[in-house]
Amino acid sequence: MSATAASDAEPPKGPYLSVVTSRSVSAAPEHSLPTPDARCALCCRSSNLLIRGSLLFSVGVFLSLVLNLLQVQRNVTLFPPDVMSSIFSSAWWVPPCCGSASTVIGLLYPTVDRRLGQPHRFKREWSSVMRCVAVFVGINHASAKVDFVNNVQLSLTLAALSVGLWWTFDRSRCGFTLGVTIALLATLTTQLLVHHQLFRYTSPDFLYVRSWLPCIFFAGVITVGNIGRQLALYEHKFSQEKSHQD
């Protein structure tokens, strides 16, 4: 009896095993190759992402040149004498850094909106984006041109203007959180740059920088985020129209 039970428990051998093995191999799912339409869609998405990144980089470079010129003219920021021989009156590394930051922020905002499942729908038109840019330039202009009694009053005024810019053109909790986080990181980075004597601020009152600098960074993040959202919305509408035409 024990020998018979043992023989029954043994796995099948011989031709039966080969048939089962061949069937299991043939039944295994094969990785399907992407279709031409899928490859075309991926190529279009990559090209659109590259175009958006290039536009955001150009916006960041342009804003850095204009706004930094205001700060230099009012002697708010001082660069070494050999740097100031440039036609743009700025260090060579400032525009690329601002352009790269603009690209990251502009692509990050719509990506976070999509991940959270909360698309931003407040004032989604180019006229609103242009007004946001104008207000941001005005806030930076006020920090360089307007004379206040003390730095505390200037900082509080710019903080109120920056929050007002967010409330007028954004009003999303995601935008506010990203704006505050990136502004703090940018302020810390600026502290390190000034500490290593790459440039300096006149009359610093917040360690090595001015106390109103986080407000400027916050307003800039909100502005670039709105530009990035608008570009992503335009790309989405263009893709939908193209799919309907096809």
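This is a predicted model: local features need pLDDT of at least 70, side-chain atom pairs count only at pLDDT 80 or more; totals for chains, interfaces and linings use all residues.
Local features need pLDDT of at least 70, side-chain atom pairs count only at pLDDT 80 or more, and totals for chains, interfaces and linings use all residues. Residues are numbered from 1 along each chain as its sequence is written, and side-chain values use heavy atoms, without hydrogens and water.

**Exercise 1**

Task: Find which helix gives the most to the nonpolar patch, and classify Leu-184 as buried or exposed.

Solution: 
- Step 1. Helix α7, residues 173-195, gives the most, with three residues. Helices are DSSP runs (H or I, at least four residues), numbered from the N terminus.
- Step 2. Leu-184 lies in helix α7.
- Step 3. Apply the cut-offs: buried is under 20% relative accessible area, exposed over 50%, partly exposed in between (1.4 Å probe, protein chains only).
- Step 4. Leu-184 has a relative accessible area of 53%, so Leu-184 is exposed.
- Step 5. Look at the rest of the helix. Buried residues in α7 include Leu-178, Ile-182 and Val-194.

**Exercise 2**

Task: Decide why the Trp-166 and Trp-167 pair is classed as it is.

Solution: 
- Step 1. Recall the rule. Rings of Phe, Tyr and Trp (its six-membered ring) pair if their centres lie within 6.5 Å; planes under 30 degrees apart are stacked, over 60 edge-to-face, the rest tilted.
- Step 2. The structure holds three aromatic pairs.
- Step 3. In the pair of Trp-166 and Trp-167, the centres are 5.9 Å apart and the planes stand at 55°, so the pair is tilted.
- Step 4. Compare cover. Trp-166 is buried at 12% relative accessible area, whereas Trp-167 is partly exposed at 47%.

Methods: Helices (H or I, at least four residues) and strands (E, at least two) are DSSP runs, numbered from the N terminus.
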